Amino acid sequence: LELFVEQLALHYERARKVDRAIGYLYRAGTKALMHYANEEAISFLSRGLDLLQEIPDSREKLKRELEFRTALGIPLVPIYGHGSEEVMDVYQKALDICEQVGDNIQLFHCLHGIRRFYLVRGELDRCEVISRRIFDLTKHIERPEFVSRGNMVHAETLFNSGKIREAVELAAEGARCSRGEREDLHISLFGNATEVLCLAGQATS
């Protein structure tokens, strides 16, 4: 079935089977992410968001919109850049929903995107506040792929703030935590491999 999610998404869109179309558009979008097909991912996820506006408001609708927005932020970055208003808008809207539904995993993704926005714009004080929040948040998620990513994120922030020793220690811990984890899992969640970034951070330092 996974081989045909794109065709199924289009089929249900044309048939105006909105709920099923939304589900397949999300699957098609995340599948495109796995293959770095960013423009395709943006198309599928944006179409899903448009269709979501056609269903009645509910908590479930908010959760689905949150999934779409956090996923959409990943392919927007290589197209527009971390510091673009397009990327910030997606993550800020997702953050607003997070505060309504209380989803820590999606909150992680939102904060991650917003942190990068401030980092590339050189707003390091704001960046470090958000980075610390991400690092602390991983203690509540208790999933190893998020713990290692939290280390990497905070290491990158500290390195750019000139706190090299702390950054190296966190990067080393992030690399250790992510060793042996599935690389494709990290790519689907974050858009790239955490261990590679941690090792690169250590080498740069």
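Is Gln 106 buried or exposed? At a relative accessibility of 11%, Gln 106 counts as buried, where buried stands for under 20% relative accessible area, exposed for over 50%, and partly exposed for what lies in between (1.4 Å probe, protein chains only). This residue has its place in helix 6, which spans residues 104-120. Apart from neighbours within four places in sequence, Gln 106 is in contact with Leu 66, Glu 67, Thr 70 and Cys 98, a contact being heavy atoms within 4.5 Å.

The model is a predicted one, in which local features need pLDDT of at least 70 and side-chain atom pairs count only at pLDDT 80 or more, while totals for chains, interfaces and linings use all residues. Residues are numbered from 1 along each chain as its sequence is written, and side-chain values use heavy atoms, with hydrogens and water left out.

The chain has 11 helices and 0 strands; helices (H or I, at least four residues) and strands (E, at least two) are DSSP runs, numbered from the N terminus. Read along the sequence, the pattern is therefore α-α-α-α-α-α-α-α-α-α-α. Of the 205 residues in the chain, 47% are buried. Among contacts with a separation of 6 or more, 59% are accounted for by residues 24 or more positions apart. The chain exposes about 10400 Å², and carbon and sulfur atoms supply 51% of that area; accessible areas come from the Shrake-Rupley method with a 1.4 Å probe, and for residues only the protein chains shown count as cover.

Two helix pairs show how the elements pack. Helix 2 and helix 3 (residues 38-52) pack at an angle of about 155°, with their axes 8 Å apart. Here axes are lines fitted to C-alpha atoms, for helices over the stretch in contact, and angles run from 0 to 180 degrees between N-to-C directions. Helix 2 and helix 3 are therefore roughly antiparallel to each other, given that angles over 145 degrees count as roughly antiparallel, under 35 as roughly parallel, 65 to 115 as roughly perpendicular and the rest as oblique. Helix 2 passes helix 3 in a left-handed crossing, a term used if the near helix is turned anticlockwise from the far one by less than a right angle, with right-handed used if clockwise. Among the residues that meet between these two helices are Val 18, Ile 22, Leu 25 and Tyr 26 in helix 2, and Phe 44, Leu 45, Gly 48 and Leu 51 in helix 3.

The axes of helix 6 and helix 7 come within 9 Å and cross at roughly 160°. That makes helix 6 roughly antiparallel to helix 7, and helix 6 passes helix 7 in a left-handed crossing. The residues of helix 6 that meet helix 7 include Phe 108, Leu 111, His 112 and Arg 115, and those on the helix 7 side include Cys 127, Ile 130, Ile 134 and Leu 137.

How many salt bridges does the count come to? The count comes to 15, a salt bridge being a side-chain nitrogen of Lys or Arg within 4 Å of a carboxyl oxygen of Asp or Glu. One of them joins Lys 31 to Glu 6, with the closest N and O atoms 3.2 Å apart. This pair links distant parts of the chain, as Lys 31 lies in helix 2 (residues 18-34) and Glu 6 in helix 1 (residues 5-14), 25 residues apart. Lys 31 is buried, with a relative accessible area of 18%, whereas Glu 6 is partly exposed at 24%.

The side chains of Lys 139 and Asp 136 meet at 3.6 Å, N to O. Lys 139 is exposed, with a relative accessible area of 53%, and Asp 136 is partly exposed at 30%.

Salt bridges that share partners also join Arg 115, Arg 116 and Glu 156 into one network. Glu 156 and Arg 115 meet at 2.5 Å, N to O, and link helix 8 (residues 144-160) with helix 6 across 41 residues. Arg 115 counts as buried at 0% relative accessibility, while Glu 156 is partly exposed at 24%. Arg 116, also placed in helix 6, counts as buried at 17%. Leaving aside neighbours within four places in sequence, Arg 116 is in contact with His 82 and Glu 156.
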